[in-house]
Amino acid sequence: MTRHLLTATALAALLTALPAAAQELRIGLGDDADILDPAQSRTFVGRIVYAGLCDKLVDLDADAQIIPMLATDWSYSDDGLQLIMNLRDDVVFHDGTAFDADAVVANITRSMTLPESRRKSELSSVASVEATGPLQVTFTLTAPDASLIAQLSDRAGMMISPTAAEATGADFGQNPVCSGPFKFVERIQQDRIVLEKFEDYYDADRIQIQRVTYRPIPDTTVRLANLQSGELDMVERIAATDVGTVSQSDGLSLQEVVGLGYMGIYANIGNGDRALTPMGEDARVRQAFSLAIDREALNQVVFDGTSRAGNQPFPPTSQWYNQDLPVPARDVEAAKALLAEAGQDRVAVEIQHANNPVVTQMMQVVQAMVAEAGFDVTLRATEFATLLSEQTAGNFQLSRSDWSGRPDPDGNLHQFVTCEGGINDPKYCNPEVDRLLNEARAVTDPAARKELYDQAGVILNQDLPVIYLGHQTYIFALDDKVQGFKALPDGMIRLQDVTLAD
Amino acid sequence: MLIYIAKRILIALPTLLIVSMLVFGLQMLLPGDPVLAMAGEERDPETLARIREQLHLDDPVPIQYLRWLGGVVTGDFGTSLRTGEPVAQLILQKLPVTIQLAIMSMIFAMLIGIPAGIIAAVKKGTAVDWLANFVALSGLSIPNFWLGIMLILLVSVNLSWLPASGYESIFVDPVRSLQTMIMPAFVLGTGLAATLMRHTRSSMLGVLSADYIRTARAKGLTGRQVVLKHSFRNALLPVITLTALLFGELLAGAVLTEQIFTIPGFGKLIVDAVFNRDYAVVQGVVLCTAVGFLLMNLVADVLSVMLNPRMRAAL
């Protein structure tokens, strides 16, 4: 009898799930972050953790406009060769080190010189940076660069404690010390990253959460199940197909926002022998291919209407979108006519794409759509690392991949389509596009820049080195007790003003 | 006995060396460039060249292998390309998780598989035997990931009995640790239970038809004594060997189950490492797993020698 009683008690203890500590926010991430050093890291989810851990010189608002964060204001010199920033005077790092102009200089210098740094290309226009006052820094540029300020709204502008950076060097990521609203507590790889409220945060009034735990759960179904079972309070990037489930669940809500990036197909135009096909050699064939795709249908079929159809590197909701080139309606007859004009009857083409279910389905739909216009598409699904190396090496005709997007238009275009662009895998080269995009970098007036991007857009829409299909939406699912969270176009989870009801 | 064990360990060393060479070579055959995988979206040519140089990836493969081997011999397993953490530290972090999961799964497997095998053998040809076989076949056929998701939906989402995922060290919070591990251990255990059941059953059947069992029955022993004392002990030998080997396999981690229940064990570590072309981590984990497997092999052999007087005499 006693034995039965013992067993029963033990079972009861096991079955009573422990309640979560008060004011602890538990967030499910789609992946595990890489190294937690803003100068070295590269993952999307890493940036989500930084949104709690490390403040930046400037931030983004809901319209992807640059707003003050650690810098209170900034201006470019008339010749565009200097960027002068003034800093907040009430900021300390998590280790007590004061934040000032010298700290900024140390950070930018570290990102530019640390051998392991991944920020070098983002800061490539910076010749030097110096403290021109206790709370003023001046960036001197090698050439005018209007996109620099936007770079500083991400990892290149994240400030880490110079004391800690000096002490730990490239190992900083094992115990990161920044100036954000939360400080680092612990990390267990592939299991959790824990942060705790930083009491001396300059904007402490806006932080209501005591503790944040980030948990990587790669499977979207499982991630959602953890939210439903109360193991998590919010999850990022749920699958489009789960949106219905969440909206019908009591106690759960959704937040959606169109991202800054795009989904596209890169055409091999000049990258080795595989460019020597009608698809690579004749823009009319690419135009026909593009016209044969019903972008809105893709959105409805593959993404349950949660993404956005698009035809440019910026979503139609963006201020940089060229309204004179709206998303084209599908026109099979026009596509056939273009093919005939190019002297082609049927065009055989291979498309490589990542081997995940959503992309695979998307490309199967595209395959069916363009078949009607005269394209015999072979799909080649590969694992992502392989896809990237094939794309870089030029071993592709068409390659489908995503770009996560940058707040400044330059980040979505320049490196992809300029002749010497760092990731110009199509090896597309048009001096006129180069001229326009270089000039757009050099002018700081937004209206003048928009004009230049519009002009470049017209040419790119003809040449189609990249066939844009649409724009991803970041979809968050939240427990109703999480209040005050706002999804921004960069997909980050900002914890300012977020509260947890009991 | 000790000499026997020492000999076996010495023989294992060349095996390990060959395993590590094979894995190193196979990784080099993988398409996809580790540098690109590491660079992510910042993959302009200068960045790529810089990373390549830092990691010595331009060196010939044998040189890279020797550099790695030299490190291992001096106790340095290298650092993860992805997170900058020492590989040894990663392995030490994951090893207890994997061992705990392996032990708990094995307990489930033995509790279900062995009794079921005995009953099936004793009741051979009856409905009970048929049912046990059916359940065993289902255990083998139902994919772990499906059973895992179904359990999460039922037990965690609908009934809210157990947490859906996560891991806590058994030394920090034993209750929570068991709570989070029960479902994955059960999922893994059911598959193994099926194998164990089939082996126990056939081994028992062999013994039950032996002459000495007939003698035992003729002496007038009860059915229970015959089955448990005379038959089971003798039928146990192959089952023990199998259990040790299955345990060795569990030490390699359980990729899908770990992924579903987000348990930070070896399986998840190595899969992520392969996708990221994180060579040092793959090498370290494979080496560690191979050591575990060889050890379990040795344990199986030693156990069967110890349990079998005839083999003990032969040593």
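# Exercises on a predicted two-chain model

From the N terminus on, the elements of chain B run α-α-α-α-α-α-α-α-α-α-α-α-α-α. This is a predicted model, in which local features need pLDDT of at least 70 and side-chain atom pairs count only at pLDDT 80 or more, while totals for chains, interfaces and linings use all residues. Residues are numbered from 1 along each chain as its sequence is written, and chains are lettered from A and ligands numbered from 1 in the order in which they are written.

**Exercise 1.** Describe the make-up of chain B and the predictor's confidence in chain B.

*Solution.* Begin with the secondary structure, where helices (H or I, at least four residues) and strands (E, at least two) are DSSP runs numbered from the N terminus: chain B has 14 helices and zero strands. Next, take the extent along the principal axes, where the C-alpha atoms of chain B fill a box of roughly 85 × 55 × 35 Å. Of its 315 residues, 40% count as buried, a term for residues with 20 or more other C-beta atoms within 10 Å of their own, as against exposed with 12 or fewer and partly exposed in between, the C-beta atoms being placed from the backbone. Finally, consider pLDDT, the predictor's confidence in each residue from 0 to 100: chain B averages 85, and 99% of the residues score at least 70. Within chain B, confidence is lowest in helix H14 (residues 309-314), at a mean of 70, and highest in helix H5 (residues 87-122), at 90.

**Exercise 2.** Work out how helices H8 and H10 of chain B pack.

*Solution.* First find the axes, which are lines fitted to C-alpha atoms, for helices over the stretch in contact, with angles running from 0 to 180 degrees between N-to-C directions. Helix H8 (residues 174-208) of chain B and helix H10 (residues 223-250) of chain B have axes 8 Å apart at an angle of about 150°. H8(B) is therefore roughly antiparallel to H10(B), since angles over 145 degrees count as roughly antiparallel, under 35 as roughly parallel, 65 to 115 as roughly perpendicular and the rest as oblique. Then list the residues in contact (C-beta atoms, placed from the backbone, within 7 Å): among them are B:Leu192 and B:His199 of H8(B), and B:Pro238 and B:Leu246 of H10(B). The residues of this contact divide into ten nonpolar, seven polar and no charged; here Ala, Val, Leu, Ile, Met, Phe, Trp, Tyr, Cys and Pro count as nonpolar, Asp, Glu, Lys and Arg as charged, and the others, Gly among them, as polar.

**Exercise 3.** Which residues and helices bring chain A and chain B together?

*Solution.* Start with the totals: the contact takes 45 residues from chain A and 47 residues from chain B. On the side of chain A that touches chain B, helix H1 (2-15), helix H6 (220-228) and helix H13 (384-393) each supply at least two residues, and the residues of that side divide into 16 nonpolar, 17 polar and twelve charged. Now follow H6(A), whose axis comes within 10 Å of the axis of helix H7 (residues 144-158) of chain B and crosses that axis at roughly 10°. H6(A) and H7(B) are therefore roughly parallel to each other. Their contact includes A:Val222 and A:Ala225 of H6(A) and B:Ile152 and B:Leu153 of H7(B), and its residues divide into six nonpolar, three polar and no charged. For the complex, the predictor gives an ipTM of 0.76 and a pTM of 0.84.

How values were computed. Contact = placed C-beta atoms within 7 Å.
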